[in-house]
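Subject: Structure handover

Hello,

Please find the structure below. My notes on it follow.

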Amino acid sequence: MGLFNALTEIVSAPIRVAEAVRKDLTRDDESDAMLSIFTLGTSSAVKGIGETVKKAADKLDD
């Protein structure tokens, strides 16, 4: 069952990436927002992908 849950996490990666970009752009901390704007969202996308990989790895361990 862990493999199915891990695949579910990977499939949901685009949603998690979009959420990371939205959070960075709407934060009160201007440094995250400016970094996201200057890198055209790439920094936030990498952050979202990292979260997805971490969660998928945790699901495989279960």
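A residue counts as buried when its relative accessible area is under 20%, as exposed over 50%, and as partly exposed in between. The model is a predicted one, and the values that follow were computed from it.

By that cut-off Glu9 is buried, because its relative accessible area is 13%. Glu9 belongs to helix α1, which covers residues 2-11. Apart from neighbours within four places in sequence, the contacts of Glu9 are Arg16, Thr52, Lys55, Ala56 and Lys59.

Ala18 lies in helix α2, residues 13-26. Its relative accessibility is 46%, so Ala18 is classed as partly exposed. Ser43 is 25 residues away from Ala18 along the chain, and the C-alpha atoms of the two are 12 Å apart.

The other item is the packing of α2 against helix α4, which spans residues 42-61. The axes of α2 and α4 are separated by 8 Å and form an angle of about 135°. An angle over 145 degrees would count as roughly antiparallel, and 65 to 115 as roughly perpendicular; α2 and α4 are therefore oblique to each other. Their crossing is right-handed.

On the α2 side, the residues in contact are Ala13, Arg16, Val17, Ala20, Val21 and Asp24. Their counterparts in α4 are Ser44, Ala45, Lys47, Gly48, Ile49, Glu51, Thr52 and Lys55. Sorted by class, this contact of α2 with α4 consists of six nonpolar, three polar and five charged residues. Arg16, Thr52 and Lys55 take part in this contact and are also among the residues that touch Glu9.

Regards

How values were computed. Residues are numbered from 1 along each chain as its sequence is written. This is a predicted model: local features need pLDDT of at least 70, side-chain atom pairs count only at pLDDT 80 or more; totals for chains, interfaces and linings use all residues. Side-chain values use heavy atoms; hydrogens and water are left out. Helices (H or I, at least four residues) and strands (E, at least two) are DSSP runs, numbered from the N terminus. Buried means under 20% relative accessible area, exposed over 50%, partly exposed in between (1.4 Å probe, protein chains only). Contact means heavy atoms within 4.5 Å. Axes are lines fitted to C-alpha atoms, for helices over the stretch in contact, and angles run from 0 to 180 degrees between N-to-C directions. Angles under 35 degrees count as roughly parallel, over 145 as roughly antiparallel, 65 to 115 as roughly perpendicular and the rest as oblique. A crossing is left-handed if the near helix is turned anticlockwise from the far one by less than a right angle, and right-handed if clockwise. Ala, Val, Leu, Ile, Met, Phe, Trp, Tyr, Cys and Pro count as nonpolar, Asp, Glu, Lys and Arg as charged, and the others, Gly among them, as polar.
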